[in-house]
Amino acid sequence: MFLQDEFTVEYYNIIENANERVPQAATRKEAKQILSYTERHHIIPKSLGGTDDVVNQVWLTAEEHLKVHLLLPKMVEKEQDIRKMALAAVRMSNPQSKTQKRIVGDEYITGIAELRKEAATLHSKYMSEKHKGKNNPFYGKTHTEEVKQRQRNGTSNRIITEQNRLDYSNGRKKFC
C-alpha cells in the first residue's frame with residue numbers, strides 16, 4: 001500500500017513512538033491526561049481502505065498529526081491516492097473547530113503551500129475528467145433563448161471601469 005521510502009519510515013516512527021507513549025486502546029480522557037491535547041489518527045486512512053478498529057488508530061499530538069498528514073501524500077503511488085492524501089493534509093492545516101489547538105509552525109508553511117498547489121492541480125484534473133462527455137450534467141442540453149437573453153441582460157448594463165480591469169488583472173496574477 002505505502003511506498004517503501006524514507007517518508008514511510010518517518011511516518012511509522014512517529015506512529016510507533018505515539019503507541020509507546022499512549023496505548024491505542026486508551027480513551028480520549030486517558031490520552032488527554034498524558035498529552036493534555038490529543039487527536040485520533042487512522043494509521044491506514046479510511047479513504048485507502050483503513051478501518052475504525054482500535055488497532056488502526058493512534059493518539060497523536062497536534063503537531064505529530066499534521067506532520068503525518070504531510071507525509072502521507074509522499075507515501076502513496078496512485079494519483080487518486082495522492083490527491084486524497086494531499087486534500088486531507090490541506091484540511092489538516094486549516095482550523096476545523098473552536099476547540100482545535102493545532103498551530104501550524106513556520107517549518108511547515110512551505111510544505112503546506114506546495115501541497116495546496118499540488119492538491120488544487122490534482123483536484124482540478126480529477127473534476128475535469130469526472131465531468132467529461134456524458135458524465136457532464138449539461139451534456140446534450142442547450143440553454144433556451146429566454147435564458148440566453150436573461151444572461152445577456154444581466155451583464156449588458158454593467159459598467160466596467162479601468163480600475164475594475166486593473167483590479168481583476170492584478171487578482172488573476174496573484175492567483176496564477
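These legends go with several close-up views of a predicted model. Local features need pLDDT of at least 70 and side-chain atom pairs count only at pLDDT 80 or more, while totals for chains, interfaces and linings use all residues. Residues are numbered from 1 along each chain as its sequence is written, and side-chain values use heavy atoms, with hydrogens and water left out.

**View A. Arg21 and Glu64 pair up across two helices.** The whole structure has seven salt bridges, each being a side-chain nitrogen of Lys or Arg within 4 Å of a carboxyl oxygen of Asp or Glu. Here the side chains of Arg21 and Glu64 meet at 2.7 Å, N to O. Arg21 sits in helix H1 and Glu64 in helix H3, so the bridge ties together parts 43 residues apart in sequence. Helices are DSSP runs of H or I, at least four residues, and strands are runs of E, at least two, numbered from the N terminus. Glu64 is buried at 18% relative accessibility, and Arg21 is partly exposed at 29%. For those words, buried is under 20% relative accessible area, exposed is over 50%, and partly exposed is in between (1.4 Å probe, protein chains only).

**View B. Lys148 and Glu145 form a salt bridge within helix H6.** Their N to O distance is 3.6 Å. Glu145 is exposed at 54%, whereas Lys148 is partly exposed at 30%.

**View C. Asp5 is buried yet has no salt bridge.** Lys74, the nearest side chain of opposite charge, is 9.4 Å away; Lys and Arg count as positive, Asp and Glu as negative, and His and the chain ends are not counted. What Asp5 does have is a side-chain polar atom 3.0 Å from the backbone nitrogen of Thr8. Asp5 belongs to the segment before helix H1 (6–21).

**View D. H3 and H4 are roughly antiparallel.** The axes of H3 (residues 62–75) and H4 (residues 79–92) come within 8 Å and cross at roughly 155 degrees. Axes are lines fitted to C-alpha atoms over the stretch in contact, with angles from 0 to 180 degrees between N-to-C directions; over 145 counts as roughly antiparallel.

**View E. Ser36 has a positive phi.** The angle is about 70 degrees, although Ser36 is not a glycine. Most residues other than glycine have a negative phi. Ser36 lies in the loop between helix H2 (28–35) and strand E1 (39–42), and is exposed at 57% relative accessible area.

Definitions and conventions: A polar contact is a pair of N or O atoms within 3.5 Å; within protein, one must be able to donate a hydrogen and the other to accept it, and residues adjacent in sequence count only if both atoms are side-chain atoms. Angles under 35 degrees count as roughly parallel, over 145 as roughly antiparallel, 65 to 115 as roughly perpendicular and the rest as oblique.
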